[in-house]
Amino acid sequence: IYGRVLLNGKGFYTNDPQSLPDSIGVPEGHPPLKSFLGAPLVHFGKTMGMIAVGNREGGYRPNDLDALEAMAPAVVQAFLRKRAEESLRESEAQFRTLANAIPQLCWMANADGRIFWYNQRWYEYTGTTPEQMEGWGWQSVHDPETLPQVLDRWKASIATGEPLDMVFPLRDADGEFHPFLTRVMPVRDGS
């Protein structure tokens with residue numbers, strides 16, 4: 001009878017499952033089924049699963065089916081949201097793996113210029129920690145002589161949304177400065 005809901009895409013209830021001609025019983029180890037109520041989970045016209053309950057004392061009535069069918073769209077939305085969250089986590093993990101595998105220093109900033117993420121290579125090269133680099137902490141690894149120019153160009157890029165290309169020295173974990181080409185590309189939202 002589970003298949004009836006999935007194949008027909010229609011809600012169904014019975015208070016005597018054994019009397020149905022398509023009843024094949026229950027799987028081994030499953031408690032006996034005295035009553036059944038099921039509603040399909042439908043997304044864009046395609047059944048993607050079902051909600052099913054059974055063995056309610058006194059059985060089920062039409063209003064129980066109505067209530068379960070009314071709840072089904074919320075379950076579909078919750079399922080889709082969960083699936084999207086899992087997909088996002090997977091995508092973020094793939095990005096972090098890629099970003100941490102490249103030999104270059106990589107970072108991301110908010111629209112206000114506060115850097116919120118660095119790849120592992122950044123921390124290895126600079127010998128810093130996430131806490132030290134939070135926000136505008138990156139200034140501590142810049143050559144004090146070139147820092148004013150870097151800040152001017154960075155703030156102009158933030159204000160205009162234009163890309164930034166600049167070569168400037170960064171201090172390594174041993175305290176030595178080495179030149180780096182920095183390329184900043186803004187990512188714009190849809191608005």
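**Group meeting talk: a walk through a predicted model**

Okay, let's start with burial: 30% of the 191 residues in this protein count as buried, where buried means under 20% relative accessible area, exposed means over 50%, and partly exposed is in between, using a 1.4 Å probe and protein chains only. Before I go on, keep in mind that this is a predicted model, where local features need pLDDT of at least 70, side-chain atom pairs count only at pLDDT 80 or more, and totals for chains, interfaces and linings use all residues. Residues are numbered from 1 along each chain as its sequence is written, and side-chain values use heavy atoms, with hydrogens and water left out.

So, the overall picture. The protein has five helices and seven strands; these are DSSP runs numbered from the N terminus, with helices being H or I of at least four residues and strands being E of at least two. Going along the sequence, you get α-β-β-β-α-β-β-α-α-α-β-β. The protein is more spread out than a compact globule, because its radius of gyration is 29 Å, well over the 16 Å from the globule rule for 191 residues. That radius is taken over C-alpha atoms, and the rule is 2.2 Å times the number of residues to the power 0.38. Along the principal axes, the C-alpha atoms fill a box of roughly 85 × 40 × 25 Å.

What about contacts? A contact means heavy atoms within 4.5 Å. Take the contacts with a separation of 6 or more: 38% of them are between residues 24 or more positions apart.

Now let's visit valine 75, which sits in helix H2, residues 62–101. Is valine 75 buried or partly exposed? Partly exposed, because its relative accessible area is 28%. Leaving out residues up to four places away in sequence, valine 75 touches Leu41 and Ile51. Threonine 146 is 71 residues from valine 75 along the chain, and their C-alpha atoms are separated by 56 Å.

Compare that with valine 141, in the loop between helix H4 (130–133) and helix H5 (147–160). Valine 141 counts as buried, because its relative accessibility is 0%. Beyond its neighbours within four places in sequence, its contacts include Trp122, Thr128, Met133 and Phe177. Thr128 is 13 residues away along the chain, with 8.8 Å between the two C-alpha atoms.

On to the aromatics. How many aromatic pairs does the structure hold? Seven. Rings of Phe, Tyr and Trp (its six-membered ring) pair if their centres lie within 6.5 Å; planes under 30 degrees apart are stacked, over 60 edge-to-face, and the rest tilted. Phenylalanine 95 and tryptophan 117 make a tilted pair, because their planes are at 50 degrees, with ring centres 5.2 Å apart. This pair links distant parts of the chain, 22 residues apart: phenylalanine 95 is in helix H2 and tryptophan 117 is in strand S5, residues 115–118. Phenylalanine 95 is partly exposed at 33% relative accessibility, while tryptophan 117 is buried at 10%.

Tyrosine 118 and tyrosine 123 form an edge-to-face pair, 5.7 Å centre to centre with 65 degrees between the planes. Tyrosine 118 is buried at 5% relative accessibility, and tyrosine 123 is buried at 14%. Along with Trp122, those two tyrosines form one aromatic cluster.
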